[in-house]
Amino acid sequence: MKSISSHLESAMKAAGTLDFGGESETPEVGLVGMTLGQYATAQQSDLAFIVARADKSLQGAVDATEEYNKGALDMAANAQGEALKAPSIDLDGPGKKGTK
């Protein structure tokens, strides 16, 4: 929002001013600048929503990535734990191959 506000302010200044022949030390904002200001005021809540939505979406992606990585580590630990278990041998089982 700060960046958008700064850019709009810059655009308002760059759009030109109205100078009424020395009646004022500071020229008035021109028609384009005034319209940009009115647009920014009218769209303020929508712009704030877009910024908040983008922030929330990015945080969701970070959270999902962290959970994915945590899940992958859990699965790897489970697989390694299963691999380290002693094998079960059944000499009387079907086919009598000696292992399950």
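Helix α1 comprises 13 residues (residues 2–14) and, at 1.5 Å a residue, should span 18 Å, which agrees with the 18 Å that separates its end C-alpha atoms; the expected span is taken as 1.5 Å times one less than the number of residues in the helix. The model is a predicted one, in which local features need pLDDT of at least 70 and side-chain atom pairs count only at pLDDT 80 or more, whereas totals for chains, interfaces and linings use all residues. Residues are numbered from 1 along each chain as its sequence is written, and side-chain values use heavy atoms, with hydrogens and water left out.

The chain contains two helices and two strands, arranged along the sequence in the pattern α-β-β-α; helices (H or I, at least four residues) and strands (E, at least two) are DSSP runs, numbered from the N terminus. Just after α1, Gly16 adopts a positive phi of about 105°.

Of the 100 residues of the chain, 8% count as buried, where buried denotes under 20% relative accessible area, exposed over 50%, and partly exposed the range in between (1.4 Å probe, protein chains only). The chain exposes about 8,600 Å², of which carbon and sulfur atoms supply 59%; accessible areas were computed by the Shrake-Rupley method with a 1.4 Å probe, and for residues only the protein chains shown count as cover. Among contacts (heavy atoms within 4.5 Å) between residues at least 6 apart in sequence, 32% join residues at least 24 apart.

A nonpolar surface patch is formed by Met1, Ile4 and Val51, which together have about 210 Å² of accessible area. Patches are built from residues with over 30% relative accessible area and no salt bridge, like charges being joined within 9 Å and nonpolar side chains (Val, Leu, Ile, Met, Phe, Trp, Tyr) within 5 Å.

Two salt bridges are present in the structure, each defined by a side-chain nitrogen of Lys or Arg within 4 Å of a carboxyl oxygen of Asp or Glu. Glu67 pairs with Lys70, the closest N and O atoms lying 3.5 Å apart; because these residues are three apart in helix α2 (residues 31–84), about one helical turn separates Glu67 from Lys70. Glu67 is partly exposed at 48% relative accessibility, and Lys70 is likewise partly exposed, with a relative accessible area of 46%. Lys85 forms a salt bridge with Glu82, with the closest N and O atoms 2.8 Å apart, and both Lys85 and Glu82 are exposed.
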